[in-house]
Amino acid sequence: MIQNKFIPEIITYTGEQLRSHWIYHQTGLLGDAIVAFRGPAEVNQDHLIDLADVREGKYIQSRDMLHFLVEHFDLDLVQAILRQRLLISICAERINQHLDKLSVVRSGDDLYDGQKKLSVSIATLSSVSSLIHIGINIDSTDTPLPTIGLSDYSIDPEAFAEKILESYSEEIKGMQIARCKVKGVV
């Protein structure tokens, strides 16, 4: 099963948090877990994981984001990417439910409203676990490209985070139950 927690402290996401056992050191949650916290994002070239972004000289900067960090103790990058896309899809679904319309769409592992980008996202492996980071803009001002944020939709970030944490945990639990309750075929 997966544990979840909202961290109430403001934390600047620099990319250094995307490492094994960061969640455990911050929260005491040992094992598979998802956490959320709020804070700016300032990820420079040294901490970017996406090699295409590094090659293009990109960086991540936002005044205020809602961050989700996930750690699963397995070493399957494809499964981590699938979980990343599940999590980003849950975020899109919840935003659209709030808006009562399909305004936010998922493209790959990111969210967009028209040409405005709402999120950043990456999945990777450490030596002992798979890791996911998703950042969703709260404040959309002074970003390096056209963005939109939760404040533009009048969405309370903490309440939104709690719903996402619970939804993701339930999906993972449901998948584990589905895996255990089927009979193998020959």
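Strands here are DSSP runs of E with at least two residues, numbered from the N terminus, and two strands pair if DSSP finds at least two bridges between them.

Strands 5 and 6 run antiparallel and are joined by two bridges. Asp113 has Lys116 in strand 6 as its bridge partner.

This is a predicted model, in which local features need pLDDT of at least 70 and side-chain atom pairs count only at pLDDT 80 or more, while totals for chains, interfaces and linings use all residues. Residues are numbered from 1 along each chain as its sequence is written, and side-chain values use heavy atoms, leaving out hydrogens and water.

## Asp110

Asp110 lies in strand 5 (residues 110-113). Its relative accessible area is 10%, and Asp110 is therefore buried (under 20% relative accessible area, with a 1.4 Å probe and protein chains only).

The side chain of Asp110 makes a polar contact with the side chain of Ser119 at 3.4 Å. A polar contact is a pair of N or O atoms within 3.5 Å; within protein, one must be able to donate a hydrogen and the other to accept it, and residues adjacent in sequence count only if both atoms are side-chain atoms.

## Leu125

Leu125 belongs to strand 7 (residues 119-125). Leu125 counts as partly exposed because its relative accessibility is 34%, and partly exposed means between the limits of under 20% for buried and over 50% for exposed.

Key:
Helix = DSSP H or I, 4+ residues; strand = E, 2+ residues; numbered from the N terminus.
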